[in-house]
Amino acid sequence: MKKVFFVCMLLCSVNLTQGQYKEEPAIILEVSHLKWDQKVINLGKLKLNNPGTATFRFTNNGTSPLIVSDVKASCSCTVAEFTKEPVAPGKSGVVKAQYNASKLGSFTKTVTVYYNEEGGMETLTIEGEVVE
């Protein structure tokens, strides 16, 4: 009787464990892929108190809409604007950064762009020199 009970328990445990190892179907996530024309723009020499604007262009090389959720400048001397509507696959958008040029000398400022891709953050740079 013990042998019959043992065999039954063994068969039941084999059936239970086989159900645990079934492969689940793979989930494919559609991902946006942001491609920048350039990440650093040199504005050259700017006259004092005459703002300079850098326009960064990007393309969505992915298969789903790309959404830029926010853009933050590294200081109050730089103002950023960006494409706010979703960018369809194959389409382009822009991020504009305007530096106010109120201090003489060389400058390097950054703008951080946040978007809907895993790790979706890019840092763009504007640089130049303010002269009289």
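Which residue forms a salt bridge with Lys45? Keep that question in mind while we walk through the structure, and we will return to it at the last stop.

Before selecting anything, note that this is a predicted model, in which local features need pLDDT of at least 70 and side-chain atom pairs count only at pLDDT 80 or more, while totals for chains, interfaces and linings use all residues. Residues are numbered from 1 along each chain as its sequence is written, and side-chain values use heavy atoms, with hydrogens and water left out.

**First stop: the sheet**

Show the cartoon and find the open sheet of four strands, whose order is β1-β3-β6-β5 and whose pairing is antiparallel. Strands here are DSSP runs of E with at least two residues, numbered from the N terminus, and two strands pair if DSSP finds at least two bridges between them. Strands of a sheet pair through backbone hydrogen bonds, either parallel or antiparallel. Now colour residues 34-36, which are β1, and residues 78-82, which are β5, for these are the edge strands, each pairing on one side only.

Next select residues 52-60, strand β3, which pairs with β1 in the antiparallel sense over three bridges. Within this pairing, Leu34 stands opposite Asn60 of β3. Show the side chain of Asn60, which counts as buried at 0% relative accessibility; buried means under 20% relative accessible area, exposed over 50%, and partly exposed in between, with a 1.4 Å probe and protein chains only. A polar atom of the Asn60 side chain lies 2.8 Å from the backbone oxygen of Ser64.

**Second stop: the aromatic rings**

A search of the whole structure finds two aromatic pairs, where rings of Phe, Tyr and Trp (its six-membered ring) pair if their centres lie within 6.5 Å, and planes under 30 degrees apart count as stacked, over 60 as edge-to-face and the rest as tilted. Select Trp36 and Phe58, an edge-to-face pair with 5.3 Å centre to centre and 65 degrees between the planes. This pair links distant parts of the chain, since Trp36 is in strand β1 and Phe58 in strand β3, 22 residues apart. Both Trp36 and Phe58 are buried. Then select Tyr99 and Phe107, whose ring centres are 4.0 Å apart and whose planes stand at 20 degrees, so that this pair is stacked. Both Tyr99 and Phe107 are buried as well.

Side chains of opposite charge can pair when their charged atoms come close. Three salt bridges are found in a search of the whole structure, a salt bridge being a side-chain nitrogen of Lys or Arg within 4 Å of a carboxyl oxygen of Asp or Glu. Select Lys39 and Glu122, whose side chains meet at 2.9 Å, N to O. Lys39 lies in the loop between β1 and β2 and Glu122 in strand β8, so the pair ties together parts that are 83 residues apart in sequence. Lys39 is partly exposed at 38% relative accessibility, whereas Glu122 is buried at 16%.

Move on to Lys72 and Asp70, whose side chains meet in a salt bridge of 3.2 Å, N to O.

Finally, select Lys45, and you will find that its salt bridge is with Glu129, the closest N and O atoms being 3.4 Å apart. Lys45 lies in strand β2 and Glu129 in strand β8, so this pair ties together parts that are 84 residues apart in sequence. Lys45 is exposed, with a relative accessible area of 61%, while Glu129 is partly exposed, at 29%.

Key
Polar contact = N/O pair within 3.5 Å; in protein donor to acceptor, adjacent residues only side chain to side chain.
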